[in-house]
Amino acid sequence: MIEITIAVFLLLGGFFCLIAAIGVLRLPDVLTRMHASTKAGVLGSSLILIGCAIFLQETEITARVVATILFLMLTSPIGAHMIGRASVREMMSKRATSQAE
């Protein structure tokens with residue numbers, strides 16, 4: 001039964017990582033690409049890490065997995081916000097220069 005649980009976590013994690021990669025490649029602008037990569041990427045990575053922690057069943061590994069997931073959940077939105085902010089600023093400056101010409 002535990003093998004099925006591990007397989008479900010790993011397959012779902014792989015699926016969400018694949019969706020994130022497809023979203024980055026196929027979505028039209030930076031803001032939607034950023035959304036796809038952060039949301040689905042963090043979820044997919046977290047599910048894969050949880051599957052690995054269940055498979056290994058060691059306290060040290062589980063603690064590292066929890067710390068890694070928390071790190072991903074804390075830093076991914078901040079990085080995406082900074083990328084989105086830089087993108088919006090660049091779009092605004094391009095509009096301002098095109099209107100001045």
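## Terms and model

Buried means under 20% relative accessible area, exposed means over 50%, and partly exposed lies in between, with a 1.4 Å probe and protein chains only. By that scale V8 is partly exposed, because its relative accessible area is 41%.

The model is predicted: local features need pLDDT of at least 70, side-chain atom pairs count only at pLDDT 80 or more, and totals for chains, interfaces and linings use all residues. Residues are numbered from 1 along each chain as its sequence is written, and side-chain values use heavy atoms, with hydrogens and water left out.

## A nonpolar patch

V8 sits in helix α1, which covers residues 2-26. Helices here are DSSP runs (H or I, at least four residues), numbered from the N terminus.

V8 also belongs to a nonpolar surface patch with M1, I4 and L12. Together they have about 420 Å² of accessible area. Such areas come from the Shrake-Rupley method with a 1.4 Å probe; for residues, only the protein chains shown count as cover. Patch residues have over 30% relative accessible area and no salt bridge; nonpolar side chains (Val, Leu, Ile, Met, Phe, Trp, Tyr) are joined within 5 Å, like charges within 9 Å.

## The aromatic pair

The whole structure has 1 aromatic pair. F15 and F16 form this pair, and it is edge-to-face. The ring centres are 5.7 Å apart, with 70 degrees between the planes. Rings of Phe, Tyr and Trp (its six-membered ring) pair if their centres lie within 6.5 Å; planes under 30 degrees apart count as stacked, over 60 as edge-to-face and the rest as tilted.

F15 counts as partly exposed because its relative accessibility is 44%. F16 is partly exposed too, at 25%.

## The salt bridge

The structure holds 1 salt bridge (a side-chain nitrogen of Lys or Arg within 4 Å of a carboxyl oxygen of Asp or Glu). E60 forms the bridge with R64. Their closest N and O atoms are 3.1 Å apart.

Both residues lie in helix α3, residues 59-100. They are 4 residues apart, about one turn of the helix. Both E60 and R64 are exposed.

## The cysteines

A search of the whole structure finds 0 disulfides (pairs of cysteine sulfur atoms within 2.5 Å). C17 is in no disulfide; its nearest cysteine sulfur, that of C52, is 11 Å away. C52 is likewise in no disulfide.

C17 is partly exposed, with a relative accessible area of 27%. C52 is partly exposed at 36% relative accessibility.

Terms used:
Helix = DSSP H or I, 4+ residues; strand = E, 2+ residues; numbered from the N terminus.
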